[in-house]
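Let's take a friendly walk through a protein model and look at how some of its side chains pair up. Have the structure open as you read.

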Amino acid sequence: MEHIVTLTVAVTAFAPWLEPTDAELAAIEAEAPLLAAEVEELDTVIALMDRPVNELDSRRARRAHARVLAARAALANTAGTGEAA
């Protein structure tokens with residue numbers, strides 16, 4: 001029988017190199033508004049899949065898509081400056 005402890009040592013031996021760097025964490029944080037807008041848009045699309053779309057629903061979908069575009073533009077505008085959004 002092989003013990004799990006030997007496997008744990010092999011797996012965790014390189015753990016410090018597997019952690020994200022500060023720069024990677026900052027990039028993820030800068031993209032968070034875009035990810036939130038995309039999730040909201042996806043939720044809107046999923047909610048509209050099982051029923052006929054009326055004018056109010058189409059406005060909701062357009063606004064969600066506009067928020068995604070605005071978040072992408074904000075992220076693109078701050079990409080070269082090194083600032084967090």
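## Salt bridges and their surroundings

A salt bridge joins the side chains of Arg67 and Glu40, with N and O 2.8 Å apart. This pair ties together distant parts of the chain, since Arg67 belongs to helix 4 and Glu40 to helix 3, 27 residues apart. Keep in mind that you are looking at a predicted model.

Why can such pairs form? Side chains of opposite charge can pair when their charged atoms come close.

How many salt bridges does a search of the whole structure find? The count is five. Here are some of them:

| Salt bridge | N to O distance |
|---|---|
| Arg67 and Glu40 | 2.8 Å |
| Arg72 and Glu38 | 3.3 Å |
| Arg62 and Glu55 | 3.7 Å |

The bridge between Arg72 and Glu38 also links distant parts of the chain: Arg72 sits in helix 4 and Glu38 in helix 3, 34 residues apart. Glu55 and Arg62 belong to a network of salt bridges that also includes Arg59.

Are the partners buried or exposed? Arg67 is partly exposed at 38% relative accessibility, and Glu40 is partly exposed at 35%. Arg72 is partly exposed at 43%, as is Glu38 at 28%.

Now look at Asp57 in helix 4, which spans residues 55-78. Asp57 is buried, because its relative accessible area is 8%, under the 20% cut-off. Beyond its neighbours within four places in sequence, Asp57 touches Leu48, Arg51 and Pro52.

Finally, find Val45 in helix 3 (residues 22-48). Val45 is partly exposed, with a relative accessible area of 43%. Together with Leu42, Ile46 and Met49, Val45 makes a nonpolar surface patch of about 410 Å² accessible area.

Technical notes
Residues numbered from 1 in each chain as written. Predicted model: local features only at pLDDT ≥ 70, side-chain atom pairs only at ≥ 80, totals over all residues. Heavy atoms only, no water. Helix = DSSP H or I, 4+ residues; strand = E, 2+ residues; numbered from the N terminus. Buried < 20%, exposed > 50% of the residue type's maximum accessible area, 1.4 Å probe, protein only. Contact = heavy atoms within 4.5 Å. Patch = residues over 30% accessible without salt bridge, like charges linked within 9 Å, V, L, I, M, F, W, Y side chains within 5 Å. Areas by Shrake-Rupley, 256 points an atom, 1.4 Å probe, with all protein chains shown as cover. Salt bridge = Lys/Arg side-chain N within 4 Å of Asp/Glu carboxyl O.
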